[in-house]
Amino acid sequence: MTATAHGGPGVEEPGATPGATAGGAAAPPDEDLVREFLEQVITDGAAAMAGLCTSIGDRLGLYAAMAGAGPLTSHQLADRTGLAERYLREWLAAQVAGQYVDHHRDDDTYELPAERAAVLADPDAPTYAAGLFTMLQALYATENELMDAFRTGEGVGWGDHGPALFEGTAKFFRPGYAASLVPEWLASVEGMTGRLEAGAKVADVGCGFGHSTLLMARAFPNSRFHGYDFHRPSVEAARGLAASQGMGDRVAFDVATAQDFPGGGYDLITFFDCLHDMSDPGAALRQAERALSEDGVCMLVEPNMSADVEENVHPVGRGLSAASVAVCLPAALAQQGPEALGNHAGEAAMRRIADAAGLHHWTLTAQSPVNRVYALAR
């Protein structure tokens with residue numbers, strides 16, 4: 001019986017599978033859409049492959065050597081860096097193909113425009129993003145462990161990854177923190193800048209390499225800062241940075257979890273991009289509530305992601321969602337706690353956990369394309 005007999009052209013039979021023919025076989029794919037999606041996948045694969053070249057360019061200082069130098073031949077770049085010209089020539093060809101570097105055909109020279117140098121060459125620039133590619137080195141190396149986790153439901157701990165993850169994470173987040181933490185995020189919490197200027201006690205929980213802690217300490221010399229992290233190599237790196245920056249008089253770093261960090265009477269407790277990595281975020285916030293001073297504030301910085309997966313269909317959302325698969329969820333599951341959130345649980349879930357922990361006052365104080373900043377209080 002034809003579709004027309006059941007109600008006209010284009011009307012499917014009740015219960016029919018969309019896209020299926022009347023005989024039940026799947027309709028052939030639209031060849032134009034196949035080609036379009038194939039192009040997308042090839043583009044993504046090429047970007048993933050090119051990421052290795054970007055990481056090498058960052059770690060070997062190639063972008064820094066080209067920044068502000070104008071057009072260079074491959075031999076001139078070799079002279080500036082002390083690296084093998086033949087490899088540099090191949091690397092430059094890949095950079096041109098990816099439109100990271102411009103090629104001048106007349107004299108066979110290569111140039112890194114200032115706008116691209118701001119993203120790739122200067123670790124102190126707020127737009128510097130090369131740390132992302134350092135992280136990838138560690139994440140691809142633990143792909144087999146992640147596959148096992150998919151099969152077993154177990155986790156892959158933060159410390160199970162190679163050092164490139166810890167270094168890359170610190171390198172990736174530092175520029176954004178340097179640009180926003182003091183002038184925007186802390187300033188958005190009512191009265192906090194004044195308290196820190198006068199002299200406050202601060203705990204930075206999940207501090208990693210301590211960049212966030214040290215940025216606050218440099219801006220507010222009258223306050224005292226305590227950075228805590230459960231990952232000893234990161235704490236040791238933070239101590240080294242504090243010593244090299246002459247900040248030992250106002251900053252201390254210690255190994256502790258978010259559920260048992262010591263001390264009390266903190267005027268400010270911060271969690272920078274880490275609460276969602278914990279298997280028991282409720283216990284972490286309960287500990288924070290106990291450790292706050294009477295009028296203390298907990299500042300929570302989390303990825304700007306939605307619990308509605310369709311709202312994350314944009315470049316930042318794509319990257320953060322993938323990071324949740326590779327790092328955030330596995331790290332939380334490895335701790336075997338009651339609630340592994342992933343990085344896109346959304347504001348409502350975080351607010352529910354905070355309220356149950358005794359932090360009933362919740363305010364969104366600032367946001368960027370990457371982060372949302374919340375102030376929590378009793």
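Biologist: Which residues touch the most other members of the largest nonpolar core?

Modeller: Keep in mind that this is a predicted model. In that core of 30 residues, the ones touching the most other members are Trp185, Leu186, Leu196, Phe225, Phe253, Phe272 and Met299. Several elements give two or more residues to the core, among them the helices α8 (163-186) and α9 (192-198) and the strands β6 (266-272) and β7 (292-303).

Biologist: What makes a set of residues a nonpolar core?

Modeller: The members have to be buried residues of the nonpolar kinds, such as Leu, Phe or Trp, joined through side-chain atoms within 4.5 Å. A second, separate core has 28 residues, including Phe261, Leu292, Met350 and Tyr374.

Biologist: Back to Trp185, then. What does Trp185 touch, not counting residues up to four places away in sequence?

Modeller: Trp185 touches Tyr177, Ser180, Phe272, Met299, Val301, Ala366, Asn371 and Val373.

Biologist: Why is Ala125 called buried?

Modeller: The cut-off for buried is under 20% relative accessible area. Ala125 has 10% relative accessibility, so it counts as buried.

Biologist: Where is Ala125, and which residues is it in contact with beyond its neighbours within four places in sequence?

Modeller: Ala125 sits in the loop that runs between α5 (114-120) and α6 (131-141). Its contacts, with those neighbours left aside, are Ala118 and Pro175. Ala125 and Ala179 are 54 residues apart in sequence, yet their C-alpha atoms are 8.4 Å apart in space.

Biologist: Why is Arg59 called partly exposed?

Modeller: Partly exposed covers what falls between the 20% cut-off for buried and the 50% cut-off for exposed. Arg59 comes out at 49% relative accessibility, so partly exposed is the label. Arg59 lies in helix α1 (residues 31-59). From Arg59 to Ser234, 175 residues along the chain, the C-alpha separation is 19 Å.

Biologist: Asp273 and Gln336: buried or exposed?

Modeller: Asp273 has 10% relative accessibility, under the 20% cut-off, so it counts as buried. Gln336 has 64%, over the 50% cut-off, so it counts as exposed.

Biologist: And for the chain, how many residues count as buried, as a percentage?

Modeller: Of the 378 residues, 42% count as buried. The chain has 14 helices and nine strands, and its C-alpha trace spans about 80 × 65 × 35 Å along the principal axes. Among contacts between residues at least 6 apart in sequence, 65% join residues at least 24 apart.

Biologist: How do you know which parts of the model to read with care, going by pLDDT?

Modeller: The chain averages a pLDDT of 94, and 94% of the residues score at least 70. Over residues 1-18, though, the pLDDT is below 50. Beyond near neighbours in sequence, that stretch has seven contacts in the model. Where pLDDT is low, the predicted coordinates should not be read in detail.

How values were computed:
Residues numbered from 1 in each chain as written. Heavy atoms only, no water. Buried < 20%, exposed > 50% of the residue type's maximum accessible area, 1.4 Å probe, protein only. Contact = heavy atoms within 4.5 Å. pLDDT = per-residue confidence, 0-100.
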